[in-house]
Amino acid sequence: MVVSQTSRGDESKQKSSGATQPTSAKGTTQQDHKRMMDLLNIKELRRGANGNDRTAPNAANYDESKANPNPTLPDPLTLRNGKKVTTAEMWRKERRQEIVEDFDREVYGRVPKELPKVGWKVTDTKNEEVGGVATITKKLIGHVDNSSFPKITVDIQLTLTTPAAAKGPVPVIMEFGFGGRGFGPPPGPRAAPTWQAQVLAKGWGYAIIVPNSIQADNGAGLTQGIIGLGNKGQPRKVDDWGALRAWAWGASRALDYFETDPTVDAKKVGIEGLSRYGKAAIVAMAYDERFAIGFIGSSGAGGAKLHRRNFGEQVENVAGSGEYHWMAGNYLKYAGPLTSKDLPVDSHELVALCAPRPVLISVGSQQVEGGWVDAKGMFLAGVHAGPVYKLLDKKDLGTTEFPPQETALVEGEIAYRQHNGGHTTGPNWPTFLTFAERYFKPTAP
Ligand code: GCU
């Protein structure tokens, strides 16, 4: 699955009867979605944009002249009390906390204060060859202690591949994968080396974490997985975490493991993902300051794209029953009665939470990938995160002009590149690795 058609489709008004008994995961999802609307006192949600039918009355907007109905964004450098943030310390101690609190409460949800410990075990070790490089691959399971609620088991799946000849700890790029391999087209004959081979060619290692082993990708699963375990099987409260934050939490637990593995340089771990996992990657990067670099692929709505933009996917789509589980319940409010302009934060501030660390915002071409992900909306989030990076003595994107396709803006710590392909990070890997090399000195293979 690359881009799910259902969520681009014309989800009928988010009114649910509530009378039908859940007979399937879909039924349970719909019931939970309705339950959340009831908790929030919402009768009806506005319809999402229709990305499939250009003649539909609610057809997604792809006209740039209509894309910015709300050009005023929250200022990342003004405190809630109106005071200007003028020092790195004020950013770190005051403003950053405010922004985190807003994202927690209204957008991605809160991680419970107390969660059970994760115990990591290597279940298999293999010597292999990837792209002509001798490697060691460890298969790992991160078992979450469920003694407090044994009905729910969470076993996080992770693989770690490092060059066999490495003389010491190496940088590692971790991908949110899909069942053990990358999320994207199935492997086939290709001209360019795989991303894994490209990473190994730098002398680095790579890891793949399986999001679904942390938290299911649907609303029915919210009483299971790590979110369910944290709630002892009870449904979510309005500000409880959603799947994006849960996937990011899992990535942080993998990073805990890397800190104990002598083959990994845990200070040089990058995080990468595409689409919904691109959203998870920027959430992981924003919240966990131990991640050294982020490669954020076509993350779109709920990711790096500005929520306030009217181009492609909208808040109303993400608040629908097919996607709401990614977010906090409170996010539904912005699809009725409130709108995106009422959000106390926007995605430029999510990028700003990554500061001062380097982050590459990646997207495919408008012709091939389409406009659903809103390439310019993600670029603008990068632009408007700039003042925070500058305050921290780092470089911003260097321009406010949307660049032509295949222009790598990689001079600063916020980077952007739109490649000429589809819904994939594939063609941007060489750019990302060159960018990362500036921060991770290559280790001799
Ligand atoms: C849909 C959805 C996007 C999401 C994508 C994905 O297109 O609308 O928000 O990123 O699916 O496949 O993850």
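This is a predicted model: local features need pLDDT of at least 70, side-chain atom pairs count only at pLDDT 80 or more; totals for chains, interfaces and linings use all residues.

Reader: How many helices and strands does the protein have?

Author: Helices (H or I, at least four residues) and strands (E, at least two) are DSSP runs, numbered from the N terminus. Here there are eleven helices and nine strands. The radius of gyration, taken over C-alpha atoms, is compared with a globule rule of 2.2 Å times the number of residues to the power 0.38. The protein has a value of 21 Å, close to the 22 Å that the rule gives for 445 residues, so it is as compact as a globular protein of that length. Its C-alpha trace spans about 60 × 55 × 50 Å along the principal axes.

Reader: What share of the residues is buried?

Author: Buried means under 20% relative accessible area, exposed over 50%, and partly exposed in between (1.4 Å probe, protein chains only). Of the 445 residues, 57% are buried. A contact means heavy atoms within 4.5 Å. Among contacts with a separation of 6 or more, 71% join residues 24 or more positions apart.

Reader: Which residues touch the most other members of the largest nonpolar core?

Author: In soluble globular proteins, nonpolar side chains tend to be buried together. A nonpolar core is a set of buried Ala, Val, Leu, Ile, Met, Phe, Trp, Tyr and Cys residues joined through side-chain atoms within 4.5 Å. The largest core has 104 residues, and L158, M174 and F258 touch the most other members. Helix 6 (residues 243–258) gives the most to this core, with eleven residues. Leaving aside residues up to four places away in sequence, L158 touches, among others, W120, M174, I208, Y257 and F258. There is also a second, separate core of 20 residues, including I173, W195, V199 and A292.

Reader: Which residues of helix 11 are buried?

Author: An α-helix has 3.6 residues a turn, so residues three or four places apart point the same way. In helix 11 (residues 429–437), the buried residues are W429, T431, F432, L433, F435 and A436. Among the elements that cover them are strand 4 (170–176), helix 4 (195–201) and strand 6 (264–274).

Reader: Which residues does G297 touch?

Author: G297 is in strand 7 (residues 293–297). With a relative accessible area of 0%, G297 is buried. Apart from residues up to four places away in sequence, G297 touches G273, L274, S275, G278, S362 and T425. The C-alpha atoms of G297 and V363 are separated by 5.9 Å, although these residues are 66 residues apart along the chain.

Reader: How many salt bridges are there?

Author: A salt bridge is a side-chain nitrogen of Lys or Arg within 4 Å of a carboxyl oxygen of Asp or Glu. By this rule the count is 35. One of them joins D239 and R110, whose closest N and O atoms are 2.8 Å apart. That pair links distant parts of the chain, 129 residues apart: D239 is in the loop between helix 5 and helix 6, and R110 is in the loop between helix 3 (88–108) and strand 1 (118–130). Another joins E106 and R105 at 2.8 Å, N to O. E106 is buried, at 5% relative accessible area, whereas R105 is partly exposed, at 25%. Salt bridges that share partners join R80, E101, D102, R105, E106, R110, D239 and K333 into one network.

Reader: Where is R236, and which side chain of opposite charge is nearest to R236?

Author: Lys and Arg count as positive and Asp and Glu as negative; His and the chain ends are not counted. R236 is in the loop between helix 5 (225–230) and helix 6. R236 is buried yet has no salt bridge, and the nearest side chain of opposite charge, D32, is 5.0 Å away. A polar contact is a pair of N or O atoms within 3.5 Å; within protein, one must be able to donate a hydrogen and the other to accept it, and residues adjacent in sequence count only if both atoms are side-chain atoms. The side chain of R236 reaches the backbone oxygen of M327 at 2.6 Å, and a polar atom of that side chain lies 3.2 Å from the backbone oxygen of W241.

Key. Residues are numbered from 1 along each chain as its sequence is written. Side-chain values use heavy atoms; hydrogens and water are left out.
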